[in-house]
Amino acid sequence: MLSISIVFFDSTTDILEATLKHLADALRALREYDNSIHPTLFLVNNNPSPFTLSEKTGCMQWAPADVAFEIIEGQGNVGYGRAHNLAIQRTKHHYHLILNPDVMIERMALVNALAFLKNHLSVGLLAPQALDQHGKMQYLCRRYPTLFDLFLRGFAPASWRERFEQRLAHYEMRDVINDSEVSYDLPMVSGCFMLFRTALLKQLKGFDPRYFLYFEDNDLSLRATTITKNAYVPSVRIVHLGGGAARKGWRHIFLFCTSAFKFFNRFGWRFI
């Protein structure tokens with residue numbers, strides 16, 4: 001019923017290990033909820049060299065015994081979306097979860113997520129409530145951006161962000177995203193956790209491979225809205241450690257800008 005793909009590239013093994021531990025706990029809770037569910041976990045290695053035997057053993061030890069575990073490697077660093085597509089092409093499960101290697105899933109998150117999708121057939125893509133490591137809410141659902149919004153959120157100094165706080169709040173949908181209410185028809189959701197009905201994901205042909213990194217989740221979310229509803233479900237909770245292209249150096253800033261150019265060329269430019 002459920003498959004999961006995690007793309008791994010140049011990540012610290014400690015964080016990946018923590019992600020797999022939390023995922024294993026959530027999968028055990030899911031099997032307790034419904035023992036007919038037999039999940040499959042795809043770990044996609046985008047590093048230029050394959051995992052060593054000890055690394056493979058270290059990853060596999062956290063997978064519950066009744067979870068099928070497959071490592072996809074040898075393709076090199078083909079980019080975030082294309083790497084997930086390798087798993088999407090293989091899966092035959094009813095639901096597929098796109099998961100980052102820096103996301104800690106709470107124990108009942110998958111139980112709540114699948115229960116919601118079973119009862120809301122009009123929803124094809126589910127986004128969770130995300131917290132940072134300090135318990136502060138992250139606003140990862142977004143309205144369609146302007147270039148100025150992206151600059152404020154990713155690169156502007158703190159004084160600018162404070163000055164335009166109301167504008168950023170609108171872009172991050174803070175008027176509808178909270179810790180208790182479900183929201184529907186979200187234009188864009190974060191790629192750190194995207195739970196799809198697999199039929200929809202295959203109909204959309206997965207991520208657009210023209211994006212190497214950044215904006216592939218925005219692109220896929222917007223394309224999903226033409227077919228289904230995207231829902232924010234606060235009972236599905238995660239802790240997300242990542243984000244912030246500007247903090248990762250000039251290469252990430254370059255990738256962010258080139259992907260933004262492709263995104264706006266496809267969906268339409270908005271400046272201010």
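The following dialogue shows how several features of this predicted model may be read.

Student: Which residues of helix 1 are buried?

Tutor: They are L16, T19, L20, L23, A24, A26, L27, A29, L30 and R31.

Student: What covers the buried residues of helix 1?

Tutor: The cover includes strand 1 (2-8), strand 2 (40-45), strand 4 (95-99) and strand 5 (103-105). Helix 2 (53-60) and helix 4 (109-119) are also among the covering elements.

Student: Which residues lie nearest the centre of the second largest pocket?

Tutor: The pocket is lined by 17 residues, and T13, L16, F51, E55 and C59 lie nearest its centre. Helix 1 and helix 2 each supply at least two residues of this lining. The largest share, 5 residues, comes from helix 1.

Student: How many cavities of 30 Å³ or more does the structure hold?

Tutor: It holds 2 such cavities. The largest cavity contains about 90 Å³ of space. Of the 14 residues that line the largest cavity, P128, A130, L140, C141 and Y232 are the closest to its centre. Two or more lining residues come from each of strand 6 (123-131) and strand 7 (137-138), and strand 6 gives the most, with 4 residues.

Student: How are aromatic rings to be read?

Tutor: A pair of aromatic rings is described by the distance of the centres and the angle of the planes. Here the count comes to 18 aromatic pairs. One aromatic cluster is formed by Y144, F155, Y214, F215, F256, F261, F263, F264, F267, W269 and F271.

Student: Which residue lies over the face of Y184?

Tutor: That residue is K229, at 5.6 Å from the ring centre of Y184.

Student: Let us consider the loops. Is V78 buried or exposed?

Tutor: V78 belongs to the loop between strand 3 (68-72) and helix 3 (80-90). Its relative accessibility is 18%, so V78 counts as buried. Not counting residues up to four places away in sequence, V78 touches N46, A83 and F212.

Student: Where are K205 and G206, and is each buried or exposed?

Tutor: K205 is in the loop between helix 8 (198-203) and helix 9 (216-225), and G206 is also found between helix 8 and helix 9. K205 counts as exposed because its relative accessibility is 72%, whereas G206 is buried, with a relative accessible area of 1%. Leaving aside neighbours within four places in sequence, G206 is in contact with N85, I88, L201, L220 and R223. G206 and G81 are 125 residues apart in sequence and 7.8 Å apart in space, C-alpha to C-alpha.

Student: What is the phi of K205, and what is that of D185?

Tutor: K205 has a positive phi of about 60 degrees although it is not a glycine. D185, which is not a glycine either, has a positive phi of about 55 degrees. D185 lies in the loop between helix 7 (165-171) and strand 8 (193-197).

Notes. Residues numbered from 1 in each chain as written. Predicted model: local features only at pLDDT ≥ 70, side-chain atom pairs only at ≥ 80, totals over all residues. Heavy atoms only, no water. Phe/Tyr/Trp six-rings, centres within 6.5 Å; stacked < 30°, edge-to-face > 60°. Lys NZ or Arg CZ within 6 Å of the ring centre and 35° of its normal. Buried < 20%, exposed > 50% of the residue type's maximum accessible area, 1.4 Å probe, protein only. Contact = heavy atoms within 4.5 Å. 1 Å grid on protein atoms, 1.4 Å probe; cavity = no way out; pocket = protein on both sides within 12 Å on 5 of 7 lines; lining within 4 Å. Points joined across faces, edges and corners; volume = space filled by probe spheres on them.
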